[in-house]
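Please keep the model open while reading this note.

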Amino acid sequence: MTGPRPSLKATEGRQVTPRLVAGRRPFRAWGMGVGGLGEGVIDVVCALILREGRVLVCQRAGGKHLAGLWEFPGGKVDEGEGREEALVREIREELGCEVLVGKGLEAVEHEYAEVAIRLWPFWCELGEGEPEALEHAAMRWVTPENLGGVELAPADVKVVNGIKI
């Protein structure tokens, strides 16, 4: 099955946004509202990193919450830390590379049995370094149309359902 291949273009101020390539449509934010899980919700950020029409997903390591499931790389926002700053730090720690953080999408909320999270996805472009699975069991570049074939963590499924291809 063939489909659109999104691409990223760096613009002034290192802002990264999806753009049209060869008549194809980019991902677009769509209909994701933040509900009301209330107090105690943990803010988490994730990177939608595109390369050659594929998005990077990482498999959670054994012994961790949601082990074996796939996710967009990222992690918790520390107290006093901005979301973009947290994402750069998390990608550096998890993948050993740099990213240019671009446009943020609307947050999604999910309540797991153990914790409630508010997940803030951002379009990102790779900066220096090549991603390595430093804290994950594996990583893979997946075409947007094949994301449905990857067993994603429930909050990440909400992100995929909220981006229009």
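1. Basis. This is a predicted model, so local features need pLDDT of at least 70 and side-chain atom pairs count only at pLDDT 80 or more, while totals for chains, interfaces and linings use all residues. Residues are numbered from 1 along each chain as its sequence is written, and side-chain values use heavy atoms, with hydrogens and water left out.

2. Strand S5. S5 spans residues 54–60; strands are DSSP E runs of at least two residues, helices H or I runs of at least four, numbered from the N terminus. Of its 7 residues, 5 are buried, so S5 is largely enclosed by the rest of the structure. Buried means under 20% relative accessible area (1.4 Å probe, protein chains only).

3. Partners of S5. Strands pair if DSSP finds at least two bridges between them. S5 and S11 (residues 136–142) are antiparallel, with 6 bridges. Gln59 stands opposite Ala138 in S11, and its bridge partner in S6 is Trp70. S4 is joined to S5 by 2 bridges, also antiparallel. These two form a hairpin with 2 residues between them; in the turn, Glu52 has a positive phi of about 50°.

4. Rings. Arg140 lies over the face of Trp70, 4.3 Å from the ring centre. The rule asks for NZ of Lys or CZ of Arg within 6 Å of the ring centre and within 35 degrees of the ring normal.

Methods. Buried means under 20% relative accessible area, exposed over 50%, partly exposed in between (1.4 Å probe, protein chains only).
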